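Biologist: I have not looked at this one before. Can you put it up and take me through it?
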Amino acid sequence: VARKTEYILTFVSAPIYATFSHTLYPREWNRWIYRIVTSFGLLLALFVLVTPSSVFTYTSYVFTGYAWLTSMYTIGIFSRAALHKKEGAGIFLVTSLVFLLTIVNDTLNQLEIIHTGLYLSLGLFIVTFAQSFSLSSRFANAFRNTEIYANTFRKFFPVQFLDKIAKDGIGSIKPGNAETLIATLLFSDIRSFTSISEKLKPDEVFAMLNQYLAYVEPPIRNNGGFVDKYMGDGIMAVFGAPKPLDN
């Protein structure tokens, strides 16, 4: 049972590895080659499961050739991804080369050309460890980018609405989400702003707008509203949404 389990786990590792690389870089994979690689590895594992040890032990030679071809193709996948500067492709390429060297070593040992020992399991461990490290780095970068996007998003979107539609973060926002509310909208701008600004310097226009906004914003907040957007000299404020007001 232990020997059969060892063979099955070894044979399943190749299609899992192929699926892993296909998930990371699907555009570099050929769809039919991916199906053949995964199906063949699973069929080998199934063959080991239903046959006695006197039969399935011969499949190690078949798996060696299969692992050779899979490893070579995967190296090509990671090479193309590295040329396109895809994230993590360099690490995956190096670890795939290490894995290929262990396959070469084990093949030569099986043919009794060399007697250095079997290191396929070690190669799989190195590949798994390196890829786990690379994936953790990718997740960390994705988390940092999400934080950056969220902070940037908050600068251009009222936090009152953001708390309503994205309680679990901006990633939870879905298109088409809508809710009907009774609210009051305030539109305000500076009368004759165009003719006034034409007589002022740019820095004077900027100072005037800042003074105007500093004047109108506090009363809005003090009365339970918030500024939804600025439109040049115009301002749009919302009262009674997303939380209703008594009045």
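Modeller: The axes of α1 and α4 come within 11 Å and cross at roughly 15°. Axes here are lines fitted to C-alpha atoms, for helices over the stretch in contact, with angles from 0 to 180 degrees between N-to-C directions. Helices are DSSP runs of H or I with at least four residues, numbered from the N terminus.

Biologist: What kind of model is it, and how are residues numbered?
Modeller: It is a predicted model, where local features need pLDDT of at least 70, side-chain atom pairs count only at pLDDT 80 or more, and totals for chains, interfaces and linings use all residues. Residues are numbered from 1 along each chain as its sequence is written, and side-chain values use heavy atoms, with hydrogens and water left out.

Biologist: Back to α1 and α4: are they roughly parallel or roughly antiparallel?
Modeller: Roughly parallel, a label for angles under 35 degrees, while over 145 is roughly antiparallel, 65 to 115 roughly perpendicular and the rest oblique.

Biologist: Which residues in α1 and α4 meet?
Modeller: Y7, T10, F11, S13, A14, P15, Y17 and S21 in α1 meet T59, S60, F63, Y66, T74 and F78 in α4. Contact means heavy atoms within 4.5 Å. By class, that contact has 8 nonpolar, 6 polar and no charged residues.

Biologist: Take S21 then. Is S21 buried or exposed?
Modeller: S21 is buried, at a relative accessible area of 0%. Buried is under 20%, exposed over 50% and partly exposed in between, using a 1.4 Å probe and protein chains only.

Biologist: What does the side chain of S21 reach?
Modeller: The backbone oxygen of A18, at 2.9 Å. The S21 side chain also makes a polar contact with the side chain of W29, at 3.1 Å. Beyond neighbours within four places in sequence, S21 is in contact with W29, T74 and F78.

Biologist: New topic. How do α4 and α5 cross?
Modeller: The axes of α4 (residues 59-83) and α5 (residues 89-110) come within 9 Å and cross at roughly 160°, which makes α4 roughly antiparallel to α5. Their contact has 16 nonpolar, 8 polar and no charged residues.

Biologist: And R80, where is that?
Modeller: R80 is in helix α4 and counts as partly exposed, at 34% relative accessibility. Leaving aside neighbours within four places in sequence, R80 is in contact with E28 and Y73.

Biologist: How far apart are R80 and F143?
Modeller: C-alpha to C-alpha, R80 and F143 are 26 Å apart in space, and they are 63 residues apart in sequence.

Note on methods: Helix = DSSP H or I, 4+ residues; strand = E, 2+ residues; numbered from the N terminus. Nonpolar A, V, L, I, M, F, W, Y, C, P; charged D, E, K, R; others polar. Polar contact = N/O pair within 3.5 Å; in protein donor to acceptor, adjacent residues only side chain to side chain.
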